[in-house]
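Subject: Structure for you to look at

Hello,

Here is the structure I said I would pass on.

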Amino acid sequence: MQEFDMYINGKPVQSGKTFDVINPATGEAFARCQLGDVSHVDQAVAAAKAAFPAWSRTTDEERKQLIHALAGAIEANMPELMQIVTMETGKPMGGLNGIGSGMEVGGSIAWTQYTAELQLPVDVIQDNEVARVEVHRKPLGVVASITPWNWPLMIAIWHVMPALRAGNTVVIKPSPYTPVSTMRLVQLASEILPPGVLNVVTGEGEVGSALTAHPDVQKVTFTGSTPTGKRIMASAAGNLTRCTLELGGNDAGIVLPDVDVKEVAPKLFAAAFHNNGQTCAALKRMYVHESQYEEICAAMAELAKNVVVGDGLEEGTELGPIQNQAQLDIVEDLVASARSDGGRFVAGGKRIDRAGYFFEPTVVADLTDGTRLVDEEPFGPIVPIIKYTDIEEVIERANRNDQGLGGSVWSSDPAKAAALAQRLECGSAWVNDHGALQPDAPFGGVKQSGMGVEFGLYGLEEFTSIQTLKITK
Ligand code: NAD
């Protein structure tokens with residue numbers, strides 16, 4: 001079994017304690033990682049703090065070149081990284097609609113390259129005979145990054161690359177379910193970046209919470225669940241450490257009665273089921289007009305029954321297992337609750353009888369708002385289809401949720417759909433698509449889906465503070 005070390009100050013670190021990482025397609029361990037504790041958090045933050053002055057003074061061009069070199073290292077190791085991502089997350093190499101570990105590693109390269117090219121402009125507010133006033137963006141210092149298990153490498157890239165590009169140093173703590181791709185990334189980076197610029201420590205919540213409460217951390221960037229996001233904000237409050245929080249979503253998709261069902265059904269299915277529904281901005285509540293309700297339920301059921309579920313390492317697999325036992329338990333609990341709430345299971349509804357954490361792709365009709373499967377984020381291969389009659393009412397129902405990550409409207413009239421999409425209370429609204437992210441467009445949640453945005457210049461600015469410089473003449 002391959003073993004992976006933490007990396008602090010550019011060097012591999014062993015704690016003497018290890019933990020096994022399970023492949024969810026088999027239920028067996030496939031890698032062993034060094035387990036960190038609070039003392040490693042202290043070492044890593046000290047190393048990042050010591051590296052900050054020199055790193056923050058490197059020129060834009062130097063940082064750009066080094067970040068391109070990181071993209072090159074990911075690209076050179078793409079097959080290995082894809083295999084790691086598939087074994088730790090369960091997601092297929094290819095996947096439904098091409099959404100799998102190939103996309104995760106390919107997207108990591110693309111995001112890194114794009115972020116390398118970003119420039120932070122100096123804004124000139126005033127320039128006359130009295131004074132010149134400039135607004136500069138300064139790096140913050142040590143950034144703590146805490147990541148979840150669903151897109152471990154991609155999300156690590158989303159945190160690390162803009163933080164470094166803006167001139168910060170980083171300590172990252174991956175999810176203990178999926179630490180391997182991050183540990184390998186930092187190992188590769190240790191051959192490129194100066195010591196201490198990027199460090200990785202492992203561990204559970206207490207290691208994460210030591211990091212977010214650390215007085216020498218200037219910024220926390222967190223992606224994960226809403227309850228953990230609240231705990232992180234509370235612990236960061238002790239030092240008034242700023243936070244970007246990308247939290248859970250329970251995204252609504254509203255299908256208008258003018259869609260071509262045959263054309264739209266596979267897109268809706270992929271939006272809900274890619275990565276087994278374990279994507280923050282997957283379509284999780286599907287609102288369908290009564291005039292097309294049975295037709296769309298039948299089309300979704302057909303797709304769910306025919307999608308290829310299996311080990312992600314096998315060619316042709318479209319959906320893998322659920323990533324871990326605890327998440328499988330959540331899905332089973334929601335299934336039981338949907339049954340007692342009168343849900344009609346038009347596809348799936350139970351575990352698949354094989355090793356690993358496999359669950360049938362499940363489509364549930366006849367539930368409505370106020371039931372757990374509709375109101376809560378399931379984060380698994382299950383979607384409720386909810387009937388509506390009135391468009392005004394359905395917008396109001398879609399917005400009647402604590403979370404507000406993404407939302408979509410599906411129609412053959414994009415302008416009409418766009419007007420409705422803008423009324424959804426969410427950070428990203430799509431027309432005839434859902435969950436489509438790109439490195440140049442800001443992404444983030446409203447309400448309890450978080451605060452702040454990632455990607456593009458908007459995202460880069462979150463890793464900076466403003467310094468206003470006034471030169472009186
Ligand atoms: P989680 O909140 O359980 O864990 C995320 C990370 O936080 C892990 O590394 C964990 O070890 C760490 N952690 C746990 N307790 C902590 C504490 N007290 N202090 C600091 N760190 C702590 O989330 P998860 O189950 O790994 O991920 C699934 C969730 O993430 C879903 O709700 C999903 O919607 C959300 N998510 C959101 C986005 C987004 O961009 N908005 C993207 C992906 C996933």
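This is a predicted model: local features need pLDDT of at least 70, side-chain atom pairs count only at pLDDT 80 or more; totals for chains, interfaces and linings use all residues.

The ligand

The ligand has a shell of 28 residues around it, and Thr 147, Ser 225, Thr 228, Leu 247 and Glu 377 are the closest of them. By class, that shell holds 13 nonpolar, 12 polar and three charged residues.

At Ser 209 the backbone takes part: one of its polar atoms is 3.4 Å from a nitrogen atom of the ligand. On its own the ligand has 860 Å² of accessible area, and the protein covers 88% of that.

The ligand takes up the space of the largest pocket. Two or more residues of the shell around the ligand come from each of α7 (205-212), β11 (219-223) and α8 (226-237). α7 gives the largest share of this shell, three residues.

The volume of the largest pocket is about 1100 Å³. Its lining is made up of 45 residues, and those closest to the pocket centre are Phe 222, Gly 224, Ser 225, Thr 226 and Thr 228. The elements that supply at least two lining residues each are α7, β11, α8, α11 (325-340) and α12 (372-375). Which element gives the most to this lining? That is α8, with six residues. Sorted by class, the pocket lining has 20 polar, 16 nonpolar and nine charged residues.

The cavities

Rolling a probe the size of a water molecule over the atoms shows where empty space is left. In this model, the count is five cavities of 30 Å³ or more. The largest cavity has a volume of about 80 Å³.

Which residues lie nearest the centre of the largest cavity? They are Ala 252, Arg 285, Ala 398, Gly 406 and Glu 425, out of 14 residues in the lining. At least two lining residues come from each of β13 (251-255), α13 (391-399), β18 (403-404) and β19 (406-410). The lining of the largest cavity contains six polar, five nonpolar and three charged residues.

Regards

Methods:
Residues are numbered from 1 along each chain as its sequence is written. Side-chain values use heavy atoms; hydrogens and water are left out. On a 1 Å grid over the protein atoms alone, a cavity is a set of points where a 1.4 Å probe fits but cannot get out, and a pocket is an open set with protein on both sides within 12 Å along at least five of seven lines; lining residues have an atom within 4 Å of a point. Grid points are joined across faces, edges and corners, and a volume is the space filled by probe spheres set on the points. Helices (H or I, at least four residues) and strands (E, at least two) are DSSP runs, numbered from the N terminus. Ala, Val, Leu, Ile, Met, Phe, Trp, Tyr, Cys and Pro count as nonpolar, Asp, Glu, Lys and Arg as charged, and the others, Gly among them, as polar. A residue is near a molecule or strand if one of its heavy atoms lies within 4 Å of it. A polar contact is a pair of N or O atoms within 3.5 Å; within protein, one must be able to donate a hydrogen and the other to accept it, and residues adjacent in sequence count only if both atoms are side-chain atoms. Accessible areas come from the Shrake-Rupley method with a 1.4 Å probe; for residues, only the protein chains shown count as cover. A molecule sits in a cavity or pocket if more than half of its atoms lie within 2 Å of its grid points.
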